[in-house]
Amino acid sequence: MVTREFTKSLKRSALTVALGLCFAGAVQAQSNTAGAVSGRAASGDTVTISSPETGYSRTVTVGADGSYRFSQVPLGRYTVTRNGGSARNATVNVGTSANVDFLSGDAVTLDAIRVVGAGAVNPVDVSSVESTTILTAEQIAKIPVAQDTTAVALLAPGTVRGDSAFGNLASFGGSSVAENQYFVNGFNVTNTFRSLNFSKVPFEGIAEQQVKTGGYGAEFGRSLGGVVNQITKRGTNEFKGGANIYWSPDALRESSPSPAYANPLVAADVGVVYEDNSKDEVDLMRANLWAGGALVQDKLFAYGLVSYGKDDYTTWGPTDAFTNRDRAVKNPTWLLKFDWNINDDNLLELTAFSDEQKTTSTVYDQTVGQLDRGAYRGKLFDTQGGQNYVLKYTGYLTDDFTLTALAGRGEFKRSQRIENPDGSSVTYSGDIEDAYTTDPTASTALGGCPVVIDVRPNYRKQATGAYGSKCNLTDGALLQAENNRDRRNQYRIDAEWLLGNHQLRFGVDIDDYKSVAGEANVGGWLWRYSTRNPNGSAQPDGDEIDVVRRQSTARGTTVSLKQRAYYIEDSWQVTDNFVAYLGARWDSFKNLSESGEAFVEIKNQFGPRLGFAWDVNGDSTFKVYGNAGRYALPLTPSVAVRGSSASIYQRSNNNLFSGVDPVTGVPVLTGPLRPLSLINGEDGRAHDPATIAATNLKPMYQDEFILGMQKVLTDHLTLGARGIARELKAAIDDNCDYSPIAAAADAAGKPYVVPNPGFPYCRLFNPGEDAVYVTDLLGDGNYTTLTIPGNQLSPKAKRNYRALELFLDGNWDKFFFQGSYTASWNKGNTEGGVKSDIGQGDTNTTQDFDYLELTVDTYGYLPNDRRHALKLFGNYDLTEEWSFGANLLVQSGRPINCMGVLYPYHGGIHPYGSSFMRCGTTPAGGRDGPSAAVPRGTKGRLPWTNSLDLNVAFRPASLSGLQVKMDVFNVFNAHKVTAVSETAEDGATGSPLSTYLLPRSYQSPRSVRFMVQYDF
């Protein structure tokens, strides 16, 4: 007899399936594009799932253990029946298993078990060991959040916004922003060149976004941070279409604060406005049109979306600038998705999308100290993005064996060109011979005005006589080559095999990536003015000497990366209440130079993954889980651009000049020029690929441990908690001090010539480990192998992350919310792939370990350390017509550093300038005074930030399909500083910089976004 208590328990378990919300803690890696339906019934029963939306149908026979499972089920709503009985309902989301249990005999059934609704996505799945957040398109539409991948990812616990120097990217679990992977319908869309970008599907076309912040299975790799996995919308039997338009008018946007100088050691400048943002303008608009339906009923479906965005920016920039600019960003993007149900056992799908973005920056003269518009100076055209095509096959070969195969190709452009006022163009082909000259007065093939930087405090505010370029068209000092692009070819096969209590998954992933990369100084040179005080005073006193540095940079190459991975994993149902997860992954990476030679090759890096999930009460209301794993990261292709390819990087300091050119701002030189000094031996000759990396190089890898729990408090509330520990075990970076190698050669009695293409300055190694280097000491083709002790190069790379995450989710008929609190500690001597301290995006080749001296006092709290973070968002349906949403973020600030020169160093300043955790900026400091240690993160912290976003939506009952919505971001217009300049001294002279502690970014000011949408 079925007791009343048993029935009540079963109902509660079913409601739990429908409850578990976004932060439900973990969902087993069923698939990166599909989900599953599973449950229990009597052995020998037949269970059928059917989709009324697509006609998809499958039937399996329940095994001897009383369990059944449908793998690789496309996302959507399904009916589930046993032996042809009454139907039950379930919704399948990416990576989840919708659980539907049947009772044997004269079972009491639960009619209409549903896993649907705005918040009902993640069940308390006792087979789960991952830390995953899923948001559906319906949820995202109800939350006041920006329409972009990163903004949605930042809703998950354990994620923080990365430094603005790298664009709009997130840091996951203390990792750098360059350590994440991004997928669309199973295809890797990460821009692997530097791993600082990714291809983007038009956001309106996303059906679900899954964010994996830890504990992910062996199917996923090449990431130490997190994984963002997006599934696009698709057509169904019912034809549906719609259109909307978003508009964020400048008239309803507040201005960002105007940053002012704040370094007390340059007292004359404190409080002086550096950049007047009061007249900046931002106007954003995007329109979307979509339609989807069946081309052949129950068989062939199509979904298409076209999107056009136009964002207009007017930026006046620094008050001492000679130019300001307008910027127009155009995004004509599109998405196509075809699904073919060949039959019930074979599915085929094609995804194609474009995310090409074109930015035009129009530059004008500006009177120094004023906000005005003068003569037109030219335009910078910047193109990014491209097309992606993905073909995927799914075959249900037996009831117990499923196979998927994917082939994809993607392209990402990264090109620039300049248009001069006379209409002529300046482009760079990537050929360094066309961009470089040793004569600074000569014209160059790469024309245009050079970039001029002036950091002298006593000249900056003068309206007349100030030095600076009147035609800086590039956003930085380098113009990107017009043919820069990245191409990816990816192939993968995944299989799932059910063997009794074992769910086996295994597969192979092949990923080939090729990049064309070139950049050079516009006008051939970069000029930089600074001031040196001969008497040692840090304050301007009239005796300053003006110093101008000339620098030339040019490079261009084609490089590639070949990646292979194999994995196998087993989810073993040890008992009815306990699941053990065992996984293993083997990653191989091969980096190739332009000549096709491998300069780094790592084979079969082993990544074990272990986990468990314990259903404590046996009714899916209380779960304890844990996992441990090792994750490896490949070396980005960008390291070969300067590492193994032809590259020029030279500079010299001069004080022999009488004035400046009134148009370009470059100096009028007098007397003999000081000779150019090579930087890192980059003299225009390609380095020998065999010599630029340690032969015993290991991949960058990290160990992770997670222990968590999840409990249903009521039929509407779920509570979760997890502790996370991550430890970086090995890093890859470069060391540019050749003296330890020279010392080893001297000890071996072997002569050498420096520089030569076989004796590079910078070489890849694992910081803290002994490095085995191959060197052509004389450049004559003969190699010598030398082992350099790790303690002569650098200390071991360290990065530790510890966190406690708490999350509470609620869901009612008209109301849902999701909230989390994270306390975390992110400490070490390297951030990882990039360096936020100075905005350095040279992934895997930062200056962290270039010289042993650079590593002193660098251990401390890292830039992505946000000690406390509170996130809360949700939506309330007041009536059938009106709904209200909110999104709250409260977060502590990042640590602050003080970076300066190392002095004395062999009688002068260390050649790496103001790159050290040292500050001599005291009245007795400067070039002729000592510099004092200021360990990482000990100069205080930036302030806490808080932001509240609200929205209201109206869906009139009299006009079915119409919706009007208004989002207000940062309602109270909080404008706390989120990043400051941490460089305190001029790198050439040691004098204090006015720009130290100058705000580099603030919270985004209050803005309003309107949306009108019609669905039909």
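Guide: Welcome! The link of C736 and C762 is right-handed, with 110° about the S-S bond. Please keep in mind that this is a predicted model.

Visitor: What makes C736 and C762 a disulfide?

Guide: Their sulfur atoms are 1.9 Å apart, and the cut-off is within 2.5 Å, so the pair counts as a disulfide. C736 sits in the loop between β40 (733-735) and α5 (739-747), while C762 sits in the loop between α5 and β41 (763-765), so the bond ties together parts that are 26 residues apart in sequence.

Visitor: Why is C762 called buried?

Guide: Buried means under 20% relative accessible area. C762 has 16% relative accessibility, so the word applies. C736, at 1%, counts as buried too.

Visitor: How many disulfides does a search of the whole structure find?

Guide: The search finds 2. The other pair here is C898 and C919, with an S to S distance of 1.7 Å; as the limit is 2.5 Å, this pair qualifies as well.

Visitor: Why is the disulfide of C898 and C919 called left-handed?

Guide: The torsion about its S-S bond is about -105°, so the disulfide is left-handed. C898 belongs to the loop between β48 (882-891) and β49 (918-919), and C919 to strand β49 itself, so this bond ties together parts that are 21 residues apart in sequence.

Visitor: What makes C898 buried?

Guide: Its relative accessible area is 4%, and under 20% is what the term asks for, so C898 is buried. With 9%, C919 is buried by the same cut-off.

Visitor: Let's turn to the strands. How do you know that β42 and β43 pair?

Guide: Pairing takes at least two bridges. Strand β42 (residues 771-775) is joined to β43 by 5 bridges, so the two pair, and they run antiparallel.

Visitor: Which residues of β43 lie on its covered face, and which on the uncovered one?

Guide: In β43 (residues 784-788), T784, L786 and I788 form the covered face, and T785 and T787 the uncovered one. In a regular strand, side chains alternate between the two faces of the sheet.

Visitor: And the protein as a whole: how many helices and strands are there?

Guide: The protein has 5 helices and 55 strands. Of its 1016 residues, 60% are buried.

Key
Residues are numbered from 1 along each chain as its sequence is written. This is a predicted model: local features need pLDDT of at least 70, side-chain atom pairs count only at pLDDT 80 or more; totals for chains, interfaces and linings use all residues. Side-chain values use heavy atoms; hydrogens and water are left out. Buried means under 20% relative accessible area, exposed over 50%, partly exposed in between (1.4 Å probe, protein chains only). Helices (H or I, at least four residues) and strands (E, at least two) are DSSP runs, numbered from the N terminus.
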